[in-house]
Amino acid sequence: MTLSGKTALVTGSTSGIGLGIAQVLAKAGANILLNGFGDPGPAIATLKASGVRVLHHPADLSDVAQIEQMFSLAEREFGAVDILVNNAGIQHVAPVEQFPVEAWDKIIALNLSAVFHGSRLALPGMRTRGWGRIVNIASVHGLVGSTGKAAYVAAKHGVVGLTKVIGLETATSNVTCNAICPGWVLTPLVQKQIDDRAAVSGDLVQAQHDLLAEKQPSLAFVTPQHLGELVLFLCSEAGSQVRGAAWNVDGGWLAQ
């Protein structure tokens with residue numbers, strides 16, 4: 001399919017899952033507005049190789065004013081946000097009674113509230129133009145829990161619930177909203193968990209295997225490419241009646 005003439009805003013997209021999704025959308029012809037911290041230069045160069053327009057906005061998504069500034073840039077430079085991929089997220093691991101209040105607030109702001117703010121800003125234009133796609137990158141932790149991840153699990157469950165509401169509110173339009181719920185993807189967040197295990201065991205390969213074996217029966221990581229291709233499907237006509245879904249891509253995690 002072609003997304004030529006469409007613009008995609010992908011949050012948390014200067015690396016990892018977000019960049020992988022942006023690459024798939026750019027190859028399909030979509031202009032890209034990147035968002036994220038760090039040097040965006042390599043990501044911009046990678047995406048421009050597909051022949052599309054690429055811009056970057058460094059909005060801190062825990063700040064509503066910066067989210068609004070990012071959307072203003074998108075509308076000014078591209079005229080629209082046709083595809084919104086809410087991907088940015090952070091993690092902190094601690095038992096509930098030891099969970100830092102500031103970490104809870106930051107995770108809820110970035111992983112959940114930013115999804116709401118991005119969606120509310122994107123929807124009016126999508127409705128006016130008669131087409132739009134919102135894809136929320138949730139997690140298997142939007143469907144099941146794990147110890148030590150109170151804020152992350154709460155936020156991702158909230159994203160799945162918000163996805164259902166937006167899916168219902170847009171059900172009679174050509175705007176859709178869905179969530180993708182990945183299992184283990186080898187991101188910096190997951191690599192840190194592997195490294196922490198390896199620091200105890202002294203065996204990095206075994207630490208990676210053990211992490212996968214606990215949850216993901218395929219014993220293989222989901223890749224950003226897998227997720228990007230699913231986002232592309234949801235943007236297609238074939239995906240037009242997938243609405244309010246939470247689609248797990250998890251190597252069998254939730255089949256157990």
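Analyst: A residue lines a pocket when it has an atom within 4 Å of one of the pocket's grid points, a pocket being an open set of such points with protein on both sides within 12 Å along at least five of seven lines. The structure shown here is a predicted model.

User: Which residues line the second largest pocket?

Analyst: In general, rolling a probe the size of a water molecule over the atoms shows where empty space is left. Here, the lining of the second largest pocket is made up of Q91, H92, V93, L189, K192, Q193, D196 and R197. By type, two of the lining residues are nonpolar, three are polar and three are charged. The space in this pocket is about 180 Å³.

User: How is the chain divided into domains?

Analyst: There are two parts: domain 1 covers 7-183 + 222-248, and domain 2 covers 186-221. Taken over C-alpha atoms, the centres of domain 1 and domain 2 are 26 Å apart. Nine residues of domain 1 and eight residues of domain 2 take part in the contact.

User: Why does the second largest pocket lie between domain 1 and domain 2?

Analyst: It lies between them because both domains give residues to its lining.

User: How much space lies in the largest pocket, and which residues lie nearest its centre?

Analyst: The largest pocket holds about 810 Å³ of space. Its lining has 38 residues, and those nearest its centre are N87, A88, G89, I90 and L189. Two or more lining residues come from each of α1 (16-27), α4, α5 (150-169) and α6 (188-201). The most come from α6, which gives four residues. Sorted by type, the lining has 18 nonpolar, 16 polar and four charged residues. Domain 1 and domain 2 both contribute to this lining, so the largest pocket also lies between them.

User: What angle do the axes of α3 and α4 make where they cross?

Analyst: Two packed helices are described by the angle between their axes and the distance between the axes. For helix α3 (residues 64-78) and helix α4 (residues 101-129), the crossing angle is roughly 35°, and the axes come within 10 Å. The crossing of α3 past α4 is right-handed.

User: Which residues make the contact between α3 and α4?

Analyst: From α3 the contact takes V64, I67, E68 and F71, and from α4 it takes A114, H117, G118, R120, L121 and A122. Six of the residues in this contact are nonpolar, two are polar and two are charged.

Note on methods
Residues are numbered from 1 along each chain as its sequence is written. This is a predicted model: local features need pLDDT of at least 70, side-chain atom pairs count only at pLDDT 80 or more; totals for chains, interfaces and linings use all residues. Side-chain values use heavy atoms; hydrogens and water are left out. Axes are lines fitted to C-alpha atoms, for helices over the stretch in contact, and angles run from 0 to 180 degrees between N-to-C directions. A crossing is left-handed if the near helix is turned anticlockwise from the far one by less than a right angle, and right-handed if clockwise. Contact means heavy atoms within 4.5 Å. Ala, Val, Leu, Ile, Met, Phe, Trp, Tyr, Cys and Pro count as nonpolar, Asp, Glu, Lys and Arg as charged, and the others, Gly among them, as polar. On a 1 Å grid over the protein atoms alone, a cavity is a set of points where a 1.4 Å probe fits but cannot get out, and a pocket is an open set with protein on both sides within 12 Å along at least five of seven lines; lining residues have an atom within 4 Å of a point. Grid points are joined across faces, edges and corners, and a volume is the space filled by probe spheres set on the points. Domain bounds come from an automatic or database domain assignment.
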